[in-house]
Amino acid sequence: MKSRSFSKKIIRFFFVILLASVCAFPVSSQSNNNFPQGSSSGTTEMSERQTGVDFPYVTFTAASPKNGKEVAFSVQLLLLLTLLTLAPSIFILMTCFLRFSIVLDFIKRALSLQQVPPTAVLNGIALFMTLFCMMPTFKEIYKDSFKPLSNNEISLTQAYTKAEAPLRLFMFRQMNKDDSYLKTFCKMANVKPKTLSDIPTYVVVPSYILHELTVAFKIGVLLYIPFIVIDMVVSSILMSMGMMMLPPVQISMPFKLMLFVLVDGWGLLTQQLFLSVMK
């Protein structure tokens, strides 16, 4: 009992000393703000010497047209924006890009290649080949349509007519020997033209698309024939050796690549594609 009372007295003594030290050295408000000790005070306000970024003030206003010219200009602007939206589809379907892209994809599948070359690379090759073949047509469109329109020499309707003519001529040249689709669409549209200029554009475009698909598939079939022969030879050899579980494609693909490289396949393919378009 005496030891317990003595320990209680010691605890009370240390508690009194601690309380006296706290009362003797009060904590200032400055030390609370700069916690931990030794840190510097800061502020979130921006200095007057710093300037912010100036953003442009953009507004959009709409007003009622005062005359017919303003209405016509609004309609022309709407048609121009629509044409820009459809520009990728027009470039793909009304040029030789469709033929090039399909044939390149056929050669990739005929070689039994899955990832090499990537589809983006093949589309890039088809794009620049199309630009090479279509450059005379594009120059004529720029000279007769875009440049006079930018100089305010012709109206938007006249520019559309002048830009349409070279593309129509290009499509007619590609369908020179095979005009079966052209006759079919003219019959379905109940159009009886006397000359090529009498055929409307909405008849020429689908006829040209189907013609390009047919030509591309014909080229693809001719490309497939030698590689199918290699697959048949390899598969027959594997069957005769009793290796039925071994995929023939895995063995025939190196032989296909060797044949394609030895005959300069890329050079022959691109040359024949150019000759099929630039007659």
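Phenylalanine 274 is partly exposed, with a relative accessible area of 22%, whereas phenylalanine 100, at 0%, counts as buried. Here buried means under 20% relative accessible area, exposed over 50%, and partly exposed in between (1.4 Å probe, protein chains only). This is a predicted model, where local features need pLDDT of at least 70 and side-chain atom pairs count only at pLDDT 80 or more, while totals for chains, interfaces and linings use all residues. Residues are numbered from 1 along each chain as its sequence is written, and side-chain values use heavy atoms, leaving out hydrogens and water.

## Aromatic pairs

Searching the whole structure gives 10 aromatic pairs. Rings of Phe, Tyr and Trp (its six-membered ring) pair if their centres lie within 6.5 Å; planes under 30 degrees apart count as stacked, over 60 as edge-to-face and the rest as tilted. With centres 6.3 Å apart and planes at 85°, phenylalanine 100 and phenylalanine 274 are therefore edge-to-face. This pair joins helix H5 (residues 97-110) to helix H11 (residues 265-277), across 174 residues. Helices are DSSP runs (H or I, at least four residues), numbered from the N terminus.

Phenylalanine 106 and tyrosine 224 are also edge-to-face, at 6.0 Å centre to centre and 90° between the planes. Phenylalanine 106 is in helix H5 and tyrosine 224 in helix H9, so the pair ties together parts 118 residues apart in sequence. Phenylalanine 106 counts as buried at 18% relative accessibility; tyrosine 224, at 26%, counts as partly exposed.

## A ring cluster

Elsewhere, Phe91, Phe97 and Phe138 are linked into a cluster by ring pairs.

Key. Helix = DSSP H or I, 4+ residues; strand = E, 2+ residues; numbered from the N terminus.
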